[in-house]
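Please look over the sequence and the three-dimensional structure shown here before reading on. The report is meant to be read side by side with them.

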Amino acid sequence: MAVSYLNSRGLKIKKFAVILAGGQGKRFWPVSQPDFPKQFLSVFNNTPLIVQTMNRVKSYFKKNERVLIIPEELKKLTYKYIGKEYTIIEPMRRNTAPAICLTAMILKRDYGDGVLHVMPADHLINPQKNFIEVLKYGQELAKKGHLVTYGITPNRPETGYGYVEIGKGIGVHNTIKAFKGEGFTEKPSLIKAKKYIKSKKYLWNSGIFSFRIKNILAEMENFIPEVYNGVMKFIKTNKKGYFQKIPDISIDYGVMEKSKKLCVVKSNFVWDDVGSWLALERYSKKDKNGNILIGDVKGLEISDSIMYTSGVPLKAYGIKGLVIVVSPGGVLICKKEKAPDLKKLLK
């Protein structure tokens with residue numbers, strides 16, 4: 001049985017860190033592959049992102065409070081990197097809403113109610129102390145029935161992230177403030193992103209959420225009954241066909257954008273979803289010509305470019321503003337501004 005904490009009524013409510021580890025990381029192709037996706041890459045801090053995520057939550061969540069949700073094909077690889085953790089297996093990839101629904105229903109069956117802290121396995125967050133402090137506050141808000149998302153104060157007009165609009169304040173813990181959520185917005189144009197920053201009413205959507213099992217399942221049954229019913233039938237019958245028919249839909253689009261219970265915690269940790277090869281510019285030292293060169297790389301008359309190789313010698317002459325990546329899985333060459341849209345190329 002998972003360790004519990006007491007809520008304001010003295011009733012025991014369990015807590016779980018739910019780590020979504022089934023992503024494909026297509027924007028890190030060709031190094032990221034379906035059988036070895038982004039969360040296993042050691043491009044940042046020389047440690048696989050999934051290992052960094054697991055280490056981050058261990059100080060607050062005990063072993064039986066940490067839950068990994070992964071597709072069957074990544075089971076062996078996941079265990080290789082982080083050992084045998086409490087794991088829920090998706091019969092196939094169906095985006096975050098079905099994954100969270102499956103996890104919530106299984107945990108409800110096995111433990112009753114509880115607070116789920118849902119997070120991707122492939123983000124960078126620091127310091128750990130601040131992250132846990134913010135989660136604890138979000139936990140208290142989730143116990144009261146809120147669907148909590150964690151917003152990040154933008155430090156640049158980023159067009160590769162989604163944003164969440166904040167409304168009136170609904171609480172404060174130390175210096176951490178919570179607001180009523182007024183809705184999400186998809187990746188904006190540069191002009192809109194600049195307006196969002198200027199207004200101070202928009203935060204980056206971190207993709208990290210906290211909610212009670214009973215609340216998120218009720219909202220799913222209301223807003224995405226096809227997901228709710230499909231997952232329930234799969235659990236009852238263990239027939240993959242039911243899961244296969246479930247639409248591919250994110251928790252953001254399926255529930256969080258529609259719910260009236262949305263709450264945004266303005267977070268005080270540094271967050272980065274390291275969503276494309278451009279993230280290297282934030283974590284790697286540039287040479288005098290603005291290049292990032294990683295691996296057996298040599299360039300002549302090159303500028304403002306990213307060159308990465310995981311073994312094969314890579315040489316370039318007379319280029320500007322390109323991303324070039326060489327790995328056993330393939331070769332990528334694109335303009336830097338196209339790197340965040342790499343999924344279009346891989347369809």
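## About the model

This is a predicted model, in which local features need pLDDT of at least 70 and side-chain atom pairs count only at pLDDT 80 or more, while totals for chains, interfaces and linings use all residues. Residues are numbered from 1 along each chain as its sequence is written, and side-chain values use heavy atoms, with hydrogens and water left out.

## Helix α3

Helix α3 covers residues 96-111, and its 16 residues should span 22 Å at 1.5 Å a residue, which agrees with the 22 Å between its end C-alpha atoms; the expected span is 1.5 Å times one less than the number of residues.

Twelve of the 16 residues of α3 are buried, so that the helix is mostly covered, where buried means under 20% relative accessible area, judged with a 1.4 Å probe on protein chains only. Among these buried residues are A97, I100, L107 and Y111. Just after α3 comes G112, which takes a positive phi of about 90°.

## Strand β11 and its partners

Strand β11, residues 262-267, is mostly covered as well, with five of its six residues buried. Two strands are said to pair if DSSP finds at least two bridges between them. Strand β7, residues 147-152, runs parallel to β11 and is joined to it by six bridges, and V264 in β11 is the bridge partner of T149. Strand β9, residues 176-185, pairs with β11 in the antiparallel sense over four bridges, with C263 in β11 as the bridge partner of K180.

## A four-stranded open sheet

Four strands form an open sheet in the order β13-β15-β17-β18, with mixed pairing. Because β13 (292-294) and β18 (330-335) stand at the edges with a single partner strand each, one side of each is left without a neighbour in the sheet. From one strand to the next the twist averages 5°, an angle between N-to-C directions of axes fitted to C-alpha atoms, on a scale from 0 to 180 degrees.

V325 stands opposite L332, and L332 belongs to the covered face of β18 with G330 and C334, whereas V331, I333 and K335 make up the uncovered face. In a regular strand the side chains alternate between the two faces of the sheet.

## The largest pocket

A pocket is an open set of points on a 1 Å grid over the protein atoms alone, where a 1.4 Å probe fits, with protein on both sides within 12 Å along at least five of seven lines; lining residues have an atom within 4 Å of a point. The largest pocket is lined by 47 residues, and R27, N95, T96, S250 and K343 lie nearest its centre. Strand β10 gives the most to this lining, with four residues.

## The second largest pocket

The second largest pocket has 17 lining residues, of which E158, T159, G160, L278 and P340 are the closest to its centre.

Notes:
Buried < 20%, exposed > 50% of the residue type's maximum accessible area, 1.4 Å probe, protein only. Helix = DSSP H or I, 4+ residues; strand = E, 2+ residues; numbered from the N terminus.
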